[in-house]
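Hello,

Here is the structure I promised to pass on to you. Have a look at it first, and then read on for my notes.

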Amino acid sequence: MTAYEYRCIFKKTPELGDEKRLLASICYKLGAIAVRIGSNIITKEAVRPEKLQGHDWQLVQMGTKQLDCRNDAHRCALETFERKFLERDLSASSQTEVRKAAEGGLIWWVVGAKGIEKSGNGWEVHRGRRIDVSLDAEGNLYLEIDIHHRFYTPWTVHQWLEQYPEIPLSYVRNNYLDERHGFINWQYGRFTQERPQDILLDCLGMSLAEYHLNKGATEEEVQQSYVVYVKPISWRKGKLTAHLSRRLSPSLTMEMLAKVAEDSTVCDREKREIRAVFKSIKQSINQRLQEAQKTASWILTKTYGISSPAIALSCDGYLLPAAKLLAANKQPVSKTADIRNKGCAKIGETSFGYLNLYNNQLQYPLEVHKCLLEIANKNNLQLSLDQRRVLSDYPQDDLDQQMFWQTWSSQGIKTVLVVMPWDSHHDKQKIRIQAIQAGIATQFMVPLPKADKYKALNVTLGLLCKAGWQPIQLESVDHPEVADLIIGFDTGTNRELYYGTSAFAVLADGQSLGWELPAVQRGETFSGQAIWQTVSKLIIKFYQICQRYPQKLLLMRDGLVQEGEFQQTIELLKERKIAVDVISVRKSGAGRMGQEIYENGQLVYRDAAIGSVILQPAERSFIMVTSQPVSKTIGSIRPLRIVHEYGSTDLELLALQTYHLTQLHPASGFRSCRLPWVLHLADRSSKEFQRIGQISVLQNISRDKLIAV
């Protein structure tokens, strides 16, 4: 494809991290389908002269650009073009609606009553399809189609709270259109008994009631509403804003619907209907592919003018050998839970604190206590579990609480089990931050009505990981080209700033090198300097353990690798003659993976086994199944798509090492990770860092303590 290429000149240089967002917004103002490529914009048709300038920007044509699918950046731009063309065509129908999916691609809804798959008292489940496109290196176009469901309530917040006052709301939306013909979403704050006419909006010089009457509300809506407080989703510390309970609707989630089914006031018939919803949305791979083929055939006919029926993409794959997990003294185990009988691979702290904010009993939860003692016995050591505090010992004043944790820290306690109910008046996040300031990691546990040895094991594993223990390790892949240092990178956001280069590292045998602090940045693109600082620190840790530099690094990036992110690190490693591979691990974009089998002479699809991999050498990528659905009878898993961005290691070896790292999950007794362990921890760490919000407090905690598990 030949495209017109434009360079954008901003009157004011954008802040670091803002340029891509601004270019993307300009693409929608040009009167033609436009796509960002690097720092420029390309279009299929020339942009009309009057559209080349905006209030604070101007486009300069650079000529034409030939796009080639063998170039990763070009192929990504072409996919975006195809996605926008498809969005335009699907939006033409009055019976459907198209929205962008949060994870990428499009959501195609059937509007009106025809789109309701199931409904009940105050809830509806609407059916749709998630649709995306992809191109291979040869320029072949593929449609990725999957069943998608949307949970919706036609009720107002007022109606919902009257019917289900015990089911909390997280997000709500205006039930009337704004000036841009959209529905504004809010984060829900609280419900009050205040009346709209009594709330004065100082900035407007009118009451809340007058404001909404001016915005089209009826007298009945205003008079029958109570005042609720909400805040903009995009503002983490945004001020609460007064709103009307009848001018908002809840954003219904599957979790809320599950709570409706548990409500004692709901009739048995309604509960059965809700249970049927959960069963219907967890469809098998065979059902999903059959429905996807029907939708694909319709799109082929209507959009691409192809009359032949769509068929599922079929290709050869193979099964990777399973990882070998090792406990204490390199004893083989089949799952992490076996360390209860074998002992942990690596020992950490042996003194623990216990804080019971549920009642005044000093005893540890029975099953947790038994589990700790059994593991310690298998490792031939004794634990110190005498430092215990209860609800009456915990101070109410903030300063006294800080002293409480500092005192424990000075006594050598660096890891504490905290038992507290969900509805405790104590702030869990506040406790976590105060403890971290004192250099203490906390493992929280909800008191259970009866002892549960499975949950107790996972609590124990979390406690041990936060105390620097390592329950299991891996038997290294026996190959001369295998990476001996693997680092995972992730970025998270609190909707104001991004916490980039959150990193976690392991050796080839899964031995933890701990985590590194993130860099605060404006956008999702990692800072090249920050990446190198993190990598160099972890190389030094490697040297301290192994008394040599690593021969090869494997750098894993959660999501798309942005242009130039790893270039500085690659160049500096070259100077030291340290080989490096960079891969991006993508949770979306791989569709579903099934295995073809014949039953009674008929072709059907079943979930591909864990460890199934399809290599795509032309695209330098592979698709891999790393997890299984909780139930074998319902649901279907999504594979990962891994792209080899840089390096010379064979795809087969990268696939094997990546797969083995997904099987390493020291903090879970019975399940593996969907992501490789280094990315799983980097992802969890970035989320934990955003919740903490105060990066400086992390300076006091050991990097060996996995505070995010």
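How many bridges join strand 1 to strand 4? Nine bridges do, and the two strands, residues 2-10 and 57-66, run antiparallel.

Before going on, a word on the ground rules. This is a predicted model, in which local features need pLDDT of at least 70 and side-chain atom pairs count only at pLDDT 80 or more, while totals for chains, interfaces and linings use all residues. Residues are numbered from 1 along each chain as its sequence is written, and side-chain values use heavy atoms, with hydrogens and water left out.

Strands (E, at least two residues) and helices (H or I, at least four) are DSSP runs numbered from the N terminus, and two strands pair if DSSP finds at least two bridges between them. Within the pairing with strand 4, A3 has K65 as its bridge partner. Strand 1 also pairs with strand 3 (residues 40-43), in the antiparallel sense over four bridges; there Y6 is partnered by I41.

Further along is an open sheet of four strands, in the order 21-20-22-23 with parallel pairing. Strand 21 (384-390) and strand 23 (441-445) are its edges, each pairing on one side only. Neighbouring strands are turned by 25° against each other on average, direction ignored. Strand 22 (residues 415-419) and strand 23 pair over five bridges, and V419 has M445 as its partner in strand 23. Helix 10 (residues 366-378) packs on this sheet, touching strands 21, 22 and 23, and its direction makes about 160° with that of strand 21. Here contact means heavy atoms within 4.5 Å, and axes are lines fitted to C-alpha atoms, for helices over the stretch in contact, with angles from 0 to 180 degrees between N-to-C directions.

Now the interior. A nonpolar core is a set of buried Ala, Val, Leu, Ile, Met, Phe, Trp, Tyr and Cys residues joined through side-chain atoms within 4.5 Å. Buried means under 20% relative accessible area, exposed over 50%, and partly exposed in between (1.4 Å probe, protein chains only). The largest core has 75 residues, and F352, L417, W677 and L698 have the most contacts inside it. Leaving aside residues up to four places away in sequence, F352 touches several residues, including Y364, L385, I413 and W469. A second, separate core of 26 residues includes W155, L169, Y188 and A261. Helix 16 (residues 651-662) is mostly covered too, with 11 of its 12 residues buried.

Finally, the charged pairs. A salt bridge is a side-chain nitrogen of Lys or Arg within 4 Å of a carboxyl oxygen of Asp or Glu, and by this rule the count comes to 32. E221 and R247 meet in one of them (3.9 Å, N to O). E221 lies in helix 5 and R247 in the loop between strands 15 and 16, so the pair ties together parts that are 26 residues apart in sequence. E221 is partly exposed at 22% relative accessibility, whereas R247 is buried at 3%. Another salt bridge joins E374 and R340 (2.7 Å, N to O); it links helix 10 to helix 9 (residues 339-342), with the two residues 34 apart. K552 and D581 form a further one, with their closest N and O atoms 4.0 Å apart. Both K552, at 7% relative accessibility, and D581, at 1%, are buried. Salt bridges that share partners also join R130, E144, D146, R288, R592 and R638 into one network.

Best wishes
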